[in-house]
Amino acid sequence: MADIAVGLDIRSTMDAALINEIDPTTIIQRDGWIVTKNVVVMHIHDQGSWARDLYNELFDIEKQQTLQEISIFSLSIMADGL
Amino acid sequence: MMPMDLVKMHPSVFISEVVDQYREHLTKHWSADLIDKAESEHRELLAVYMRKPDVKVALNKHDEKTFFNEAWGCLKGRFMQLRQLCGGLATTFLNMTSVKSDFSIIKWETNNSRSSLTSLSLVGIMHVKLFEQIKMIKHQSFA
């Protein structure tokens with residue numbers, strides 16, 4: 001779990017100052033945890049050129065859905081304390 | 001390129017600054033799966049470096065005087081695809097013919113720096129040329 005938090009730079013929303021600093025359109029939030037979309041994109045790029053190229057070929061709406069799904073999955077792991 | 005250099009690189013940086021730069025050349029000799037394996041081994045190397053203190057200590061001892069085989073040898077035969085990729089980047093020529101040919105392509109005279117050129121000769125030439133230009137700018141600014 002610590003690896004996911006560090007790897008994806010997942011932060012707790014308990015940090016009110018942090019929330020105020022971030023543009024709400026650039027983050028994905030769930031159950032008291034947030035991750036920025038930019039970090040998730042970097043995470044995809046880290047998975048290899050195949051994953052990166054597949055992601056880059058998606059339409060914008062598909063990219064948003066992909067980011068949403070990856071984020072919700074990781075944030076759920078954090079929220080559930082798995 | 002040595003393991004110590006690789007562990008300082010984020011996977012996305014390794015892909016964009018190393019693999020992508022030489023992808024055209026790589027695809028002539030390697031399948032997409034082999035390139036993918038090298039990328040995957042880089043991620044694995046980072047994980048091993050972070051999680052295995054003995055590997056971290058061994059790699060941290062390496063410096064510019066460490067030989068290629070010695071540096072990769074301490075990883076005990078792992079990451080062979082990645083090693084091959086890095087070895088390929090450092091391949092030297094048997095003679096200077098192709099290097100001289102590259103110089104003539106860009107219509108520029110060879111100098112002593114050519115002896116340090118590798119398979120990336122054209123890149124090397126450009127760097128050498130740029131260095132000469134920077135030196136001239138430096139001299140002019142002091143004159």
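## A tour of chains A and B

Begin by selecting A:His43, which sits in helix 3 (residues 37–46) of chain A, where helices (H or I, at least four residues) and strands (E, at least two) are DSSP runs numbered from the N terminus. Before going further, note that this is a predicted model, in which local features need pLDDT of at least 70 and side-chain atom pairs count only at pLDDT 80 or more, while totals for chains, interfaces and linings use all residues. Residues are numbered from 1 along each chain as its sequence is written, and chains are lettered from A and ligands numbered from 1 in the order in which they are written.

Is A:His43 buried or exposed? A:His43 counts as buried because 21 C-beta neighbours lie inside 10 Å; a residue is buried if 20 or more other C-beta atoms, placed from the backbone, lie within 10 Å of its own, exposed if 12 or fewer, and partly exposed in between.

Next, select the open sheet of three strands in chain A, whose order is 1-3-2 with antiparallel pairing; two strands pair if DSSP finds at least two bridges between them. Strand 1 and strand 2 of chain A are the edge strands, each pairing on one side only. Helix 3 of chain A packs on this sheet, touching strand 2 and strand 3 of chain A, and its direction makes about 65° with that of strand 3 of chain A. Here, two residues are in contact if their C-beta atoms, placed from the backbone, lie within 7 Å, and axes are lines fitted to C-alpha atoms, for helices over the stretch in contact, with angles running from 0 to 180 degrees between N-to-C directions.

Now look along the strand pairs. Strand 1 (residues 11–12) and strand 3 (residues 33–36) of chain A are joined by two bridges, and A:Arg11 stands opposite A:Ile34. Strand 2 (residues 27–30) of chain A pairs with strand 3 of chain A over four bridges, with A:Ile27 facing its bridge partner A:Thr36. Two residues lie between the strands of this hairpin, in which A:Asp31 takes a positive phi near 45°. Helix 5 (residues 60–80) of chain A lies across strand 2 and strand 3 of chain A, at about 40° to strand 2 of chain A.

**Helix 2 of chain B**

Move to chain B and select B:Pro11, B:Phe14, B:Ile15 and B:Val18, the buried residues of helix 2. Seen down the axis of helix 2 of chain B, these buried residues fall within an arc of 105° (taken over the directions from the helix axis to the C-beta atoms), so they line one face of the helix. On the other side of helix 2 of chain B, B:Val13 and B:Glu17 are exposed. The cover over the buried residues includes helix 3 and helix 4 (49–56) of chain A, together with helix 1 (3–6) and helix 4 of chain B.

**Where the chains meet**
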